[in-house]
Every structure is written in C-alpha cells, then in structure tokens.
Amino acid sequence: MVGGEPIDVPDLGLGTYRNDDWDQCTESVQTALEVGYRHVDTAEAYGNEEAVGESIAASSIPREDVFLATKVLHPKFTDDYATESIVQNGRACLERLGVDSVDLFYGVHWPGGEYDPAETFEACERLDEEGAFDHLGVCNMTPELIDEARDVSDVPISAVQVEMHPLLQQEELREYCERHGMDLVAYAPLGNGRMFEVPELQEIADKHGVSAARVSLAWLREKGVSSIPKAASEDHIRDNWQSLELALDDEDVRKIDSIDREERQYDNPYAPDW
Ligand SMILES: NC(=O)c1ccc[n+]([C@@H]2O[C@H](COP(=O)([O-])OP(=O)(O)OC[C@H]3O[C@@H](n4cnc5c(N)ncnc54)[C@H](OP(=O)(O)O)[C@@H]3O)[C@@H](O)[C@H]2O)c1
C-alpha cells in the first residue's frame with residue numbers, strides 16, 4: 001500500500017456543479033479569480049469544462065497560480081468502464097479544459113456501477129505517465145473503499161472529496177485522511193443551501209454579524225478541510241470568500257460540533273454503502 005503524497009489544496013475553491021450556462025459559468029469563474037479564489041472545481045459530468053478552462057485562460061492570473069481540479073465521468077455514463085475508456089475520458093477532460101495537466105484529477109467521481117479498482121487505477125497510472133495531473137484524488141468513498149484503492153494504485157492518492165458540512169461532519173473520514181496524510185475536500189459545504197435553515201449556524205452568524213454561509217465555511221476551515229462552495233452570483237462569491245476572515249471561537253465550534261442531526265444531501269444508486 002502506498003501513502004498519500006503531500007498536497008496543499010487551497011482552503012477555498014469555487015464549485016461549478018449546475019453552472020453549465022456558458023455566460024454564467026465564465027462570468028462566475030472570472031469574478032472568483034478577480035476576488036482572489038485560486039481553486040476551481042469542475043468535472044466531466046458538469047458539462048462546463050470548456051467554459052471553466054476558457055475563463056482561466058482569459059484571466060490575468062497565470063495558469064500555474066490556479067489550482068484546477070476535475071473528475072472523470074463515472075460509469076453511469078459509459079458503456080465500457082474499462083481502462084482504455086477511462087484513459088480516453090481523462091484525456092478528453094484536459095482537451096476540454098485546454099490544459100496539458102490539472103493540479104488534481106479525481107480518478108473516480110462515484111465508485112458505483114461497474115467501478116473496478118484495478119482497471120480504474122491502471123488508467124490513472126497511464127494518465128500519470130502522460131503527465132495529465134499533479135495529484136490524484138477520489139470522491140465519494142468510505143475509508144474501506146479508499147483502503148482498497150490505495151492497495152491497487154501505484155499512484156499515491158492525495159485527496160478525498162466528499163460531502164461535508166455541519167449536518168454531515170465526517171469524523172471518521174477526517175481522522176482517516178489525517179492519519180494517511182491526505183487532504184479532505186468538502187463538497188456541498190453549504191449543504192446545497194440547507195445551512196441557511198440550521199438555527200445554530202444562524203445564531204453564530206448573528207453573533208458575528210455575518211452570513212450562515214461564512215460560518216459553515218469557517219467551521220470547515222477550522223477542521224482543516226478545504227471547501228468548494230458553488231456560487232453563481234457575485235454577492236455569493238464575495239460572501240464566501242469573506243469566510244477566510246472569520247475566526248470562530250471555541251464556543252461557536254463546540255456548538256456546531258454538537259449538532260445532533262445527520263442530513264446528507266447527495267445520494268444516488270452509484271453511491272457506496274455509506
Ligand atoms: N464529487 C461530487 O460527487 C460532488 C457532488 C456535489 C457537488 N460537488 C462539488 O461541490 C460544489 C459545491 O456543492 P453544491 O453546488 O452542491 O452546493 P453548495 O456549494 O453547498 O451550495 C450551493 C448553493 O448555495 C447558494 N449559495 C452559495 N453561496 C451563498 C451565500 N453566500 N449565501 C447564500 N446562498 C449561497 C448557491 O446559489 P448561487 O449559485 O445562486 O450563487 C447555490 O444555490 C459543486 O458545485 C461541485 O463543484 C461535488
């Protein structure tokens with residue numbers, strides 16, 4: 001078994017799921033880069049890699065200063081989930097993004113359907129040999145699935161992306177990633193909007209005079225986890241960026257830690273047995 005290679009995923013990135021209108025997507029990525037974001041998360045399945053790639057290329061920020069992450073299409077959409085098709089799908093991600101390599105390549109978006117660890121990670125090894133990415137990651141995996149992936153992958157798995165927010169606190173995965181030197185990246189860090197209905201977050205937000213979005217993102221940062229909130233509007237993009245200025249106190253953190261609700265927002269037939 002190999003270990004995770006050191007990686008430093010920026011604390012805050014821009015999520016782009018359901019941001020597939022060309023103009024809206026390019027505008028939001030450009031705004032985010034102007035505001036200060038240096039991490040953009042996309043995926044083959046989001047249908048916006050071209051728009052994301054073009055926005056980064058058109059911005060005044062050098063490509064090497066932007067941490068770009070994408071995910072290869074999961075088996076639900078492919079007839080032939082074999083090594084060769086994953087390699088081709090990975091190359092197609094780079095082509096659509098208009099880059100030679102990405103900083104983080106999630107070799108598995110959802111480990112369901114016909115997911116086969118040996119074929120998947122053989123494809124990732126070939127893409128790594130071609131210089132397609134700096135770091136390899138996986139998404140939507142349990143510690144058991146990550147163990148299995150690490151057993152078969154010659155390329156170190158450096159990052160794990162899963163749903164995480166105050167209503168899904170992921171203690172086991174946090175501990176696992178810390179133990180194995182992997183970065184944890186929280187998707188749906190605002191619970192896809194659900195965080196605005198959590199009274200504890202609103203109380204803390206009122207106390208600091210900030211939005212509940214900032215509180216959720218600051219809590220994730222306090223846990224050592226990177227976040228990729230999706231925001232299309234400039235107000236939301238700026239509000240989320242301001243979370244980097246918010247320091248929660250011990251009482252705030254304890255209050256969020258003790259929320260006794262578990263509400264996952266994303267599940268599908270390709271999800272593992274969480
Ligand atoms: N690996 C995976 O399987 C997976 C699955 C899901 C998501 N993801 C990634 O994670 C990213 C984030 O997840 P998500 O898009 O599901 O949900 P999210 O980031 O938790 O929430 C996005 C929603 O919150 C709104 N919002 C954002 N900032 C706000 C603010 N400051 N105040 C009020 N509302 C705000 C957005 O509105 P507007 O858009 O109107 O601004 C949008 O409706 C995705 O875009 C994607 O990159 C990965």
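Here, "buried" means under 20% relative accessible area, "exposed" means over 50%, and "partly exposed" is in between (1.4 Å probe, protein chains only). This is a predicted model, so local features need pLDDT of at least 70 and side-chain atom pairs count only at pLDDT 80 or more, while totals for chains, interfaces and linings use all residues. Residues are numbered from 1 along each chain as its sequence is written, and side-chain values use heavy atoms, with hydrogens and water left out.

**View 1. Tyrosine 37 meets tryptophan 241.** The structure holds six aromatic pairs (rings of Phe, Tyr and Trp, the last by its six-membered ring, pair if their centres lie within 6.5 Å; planes under 30 degrees apart are stacked, over 60 edge-to-face, and the rest tilted). In this one, the ring centres of tyrosine 37 and tryptophan 241 are 4.8 Å apart and the planes are at 35°, so we call the pair tilted. The two partners come from distant parts of the chain, 204 residues apart: tyrosine 37 is in the loop between helix H1 (22–35) and strand E2 (39–41), and tryptophan 241 is in helix H9. (Helices, H or I with at least four residues, and strands, E with at least two, are DSSP runs numbered from the N terminus.) Tyrosine 37 is buried, with a relative accessible area of 1%, whereas tryptophan 241 is partly exposed at 22%.

View 2. Tryptophan 110 and tryptophan 274 make an edge-to-face pair, 6.0 Å centre to centre with 75° between the planes. Tryptophan 110 sits in the loop between strand E4 (102–108) and helix H4 (117–129), and tryptophan 274 in the segment after helix H10 (250–257), so the pair ties together parts that are 164 residues apart in sequence. Tryptophan 110 is buried, at 7% relative accessible area, but tryptophan 274 is partly exposed, at 33%.

**View 3. Inside the largest pocket.** A pocket, on a 1 Å grid over the protein atoms alone, is an open set of points where a 1.4 Å probe fits, with protein on both sides within 12 Å along at least five of seven lines; lining residues have an atom within 4 Å of a point. The largest one holds about 710 Å³ of space (the space filled by probe spheres set on the points). Its lining has 36 residues, and Tyr17, Arg18, Tyr46, Ala188 and Tyr266 lie nearest the centre. Helix H9 (residues 234–241) gives the most to this lining, with three residues. As for clusters, Tyr17, Tyr46, Tyr187 and Tyr266 form one aromatic cluster.

**View 4. The second largest pocket.** This pocket has a volume of about 320 Å³. It is lined by 17 residues, and nearest its centre you'll find Leu168, Gln170, Glu172, Glu262 and Arg264. Helices H5 (143–152) and H6 (171–179) each supply at least two lining residues, with H6 giving the most, at three.

**View 5. The two sides of helix H5.** Pro143, Leu145, Ile146, Ala149 and Arg150 are the buried residues of H5. Down the helix axis they fall within an arc of 155°, so they line one face (the arc is that of the directions from the axis to the C-beta atoms). The face turned away from that buried side carries exposed Glu144 and Asp151.
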